[in-house]
Amino acid sequence: MPGSQTAPRVAASGSRPEAEAKVLHLYDAADVGRTLVKYGRKDGHPWRQFNRTPPADSGMPVGAAGKSRRLMAGLSWQAGRAAGILRADLLHVHSGSRVGVVRSRPYKPFVLHFHGTDIRTQYYDPARRPAIQWGADHAAAVLYSTPDLAEHAQAAHPGARYLPNPVDVEELPPWAPVDRPRVVFASRWDGSKGGQAQLQLARSLPAVVVPGTEVMGLDWGAEAGKAAAMGVQLVPKMAKPDYLRWLAGAHAVVGQSAGILAMSELQAVAIGAPVVMQLGPGYYPGPSPVLQADTIDGLAAQVLTALADPPAVSRALDGPGWINTYHSPEQSVRQLVGMYRDVMAGR
C-alpha cells in the first residue's frame, strides 16, 4: 500500500510514541479543508493547508517586464507548494481533479478526498477518468463528503469511507429573519442540484405564499434565467460572510432537490433557519433536521408551514443540535486522526 513507504517506526512497548505525522491539505472544496485544518490545529495536530491557485496573467503588464513578473509569480507559487509538500509526511488532496499534484517526486503518501462533481460526473468522462482512477488506485485512503457519492467513490476504490462535511459554526451568524417574509433557494440553478425540481417549486410558490413574500435565489447556474422568469428575485453571487447573512435572514430556506445536504444546506440547518427539501432515503441518521415531502405540492405546503411560525418550526427541528451531533468539525477531526494514524502505520 502506498502509505507503507513512509510508515513511522513502531515504538517499543511502553516507550514514548513518535511525533504525529505532519499533514498538508492540498486545495479545498466548500472550505472543508480549511475547516478541518482550523479545528485540527486547535486540537494540537500539525496540519497545514496549501490552497493558493496558480497566478493568473490578468493585471500584469505586457512586454518583457510582464513576462518576467509572470515567470517570477509562477516560480514563487511552485516553490511554495513544493516546500509545503516536502515538509509534510502525508498529503490530503481535496478533489479527484487535483491528483496531478501527487504524481511528482519525491513520493508522499496521500489521502484522496472526493467532494462531488469530481467523482459523480468527471469520473465517468473517458478523458478524465484515467487520472482520477490513478489517484484512487494509489491513495493510501479515499474519502467522500456526501452520502450520495458512496456508490461512485466505492466503484473507484472499494474501501472509500464517508467523512461528513464539517460545519464551522464559529463563522455562522445568528438566525435573524428580516421583517418581510422571505423564502431563499440556497443552491445554484443547476441539474446537479436537482434544478428542474427547484424550478417547479419556484413556479408554485407565488400562488400559495402570502402577498409580499420575497422568493429569492442566486443568480448562478444554467437555469437561473428560468427561475427569474418564474418570479424568483435573483441576487448576485456574494462573498461567503454575505451569503451566510443572507441565509440567516430567511424565514424558510429551500434546499437542493438532489436529496443531499450540501454545505449550503448544512449551514442553513446549523444557523437554525427552517429548511425545506427531500432527503435521500437512508442518507441521514436520527430525526430529520429539515421539513420533508416527496412531491412539489408537498414541499410547497412545507414552505407554508415554515412561514406560519418560523421560530416554532426552528425549535422543533433543532438544526443546530443535529449539526453538533452529526457534522461537527471536532467529530471529523477525530475520524481523521485515527485514519491518518492507520495510514502512517501502513495498515
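1. Contact here means heavy atoms within 4.5 Å. Helices (H or I, at least four residues) and strands (E, at least two) are DSSP runs, numbered from the N terminus. The model is predicted: local features need pLDDT of at least 70, side-chain atom pairs count only at pLDDT 80 or more, and totals for chains, interfaces and linings use all residues. Residues are numbered from 1 along each chain as its sequence is written, and side-chain values use heavy atoms, with hydrogens and water left out.

2. Start with helix α1 (residues 32–42). Its buried residues (under 20% relative accessible area; exposed is over 50%, partly exposed in between; 1.4 Å probe, protein chains only) are Val32, Gly33, Thr35, Leu36, Val37, Tyr39 and Gly40. These pack against β1 (23–26), β2 (47–50), β3 (90–94), β4 (110–114), α9 and α13 (329–344). Just after α1, Gly44 takes a positive phi of about 90°.

3. Helix α9 (residues 263–271) holds Ser264. Leaving aside neighbours within four places in sequence, Ser264 touches Ala186, Tyr243 and Leu247. Ala186 is 78 residues away along the chain, yet the two C-alpha atoms are separated by 6.3 Å. With Tyr243, Ser264 makes a side-chain to side-chain polar contact of 3.0 Å. A polar contact is a pair of N or O atoms within 3.5 Å; within protein, one must be able to donate a hydrogen and the other to accept it, and residues adjacent in sequence count only if both atoms are side-chain atoms.

4. Now the charged pairs. Salt bridges (a side-chain nitrogen of Lys or Arg within 4 Å of a carboxyl oxygen of Asp or Glu) number 14 in the whole structure. Lys42 bridges to Glu170, with the closest N and O atoms 2.4 Å apart. This pair links distant parts of the chain: Lys42 is in helix α1, Glu170 in the loop between β6 (161–162) and β7 (182–185), 128 residues apart. Glu170 is partly exposed, at 48% relative accessibility.

5. Asp148 and Arg120 form another salt bridge, closest N and O atoms 3.0 Å apart. Asp148 sits in the loop between β5 (141–144) and α5 (150–156), and Arg120 in helix α3 (residues 117–120), 28 residues apart. Asp148 is buried at 12% relative accessibility, whereas Arg120 is partly exposed at 24%.

6. Asp242 and Arg245 pair within helix α8 (residues 240–248), 3 residues apart, about one turn of the helix. Their closest N and O atoms are 2.3 Å apart. Asp242 is partly exposed at 34%, and Arg245 is partly exposed at 49%. Elsewhere, salt bridges that share partners join Asp31, Arg34, Lys38, Lys42, Asp168, Glu170, Glu171 and Lys240 into one network.
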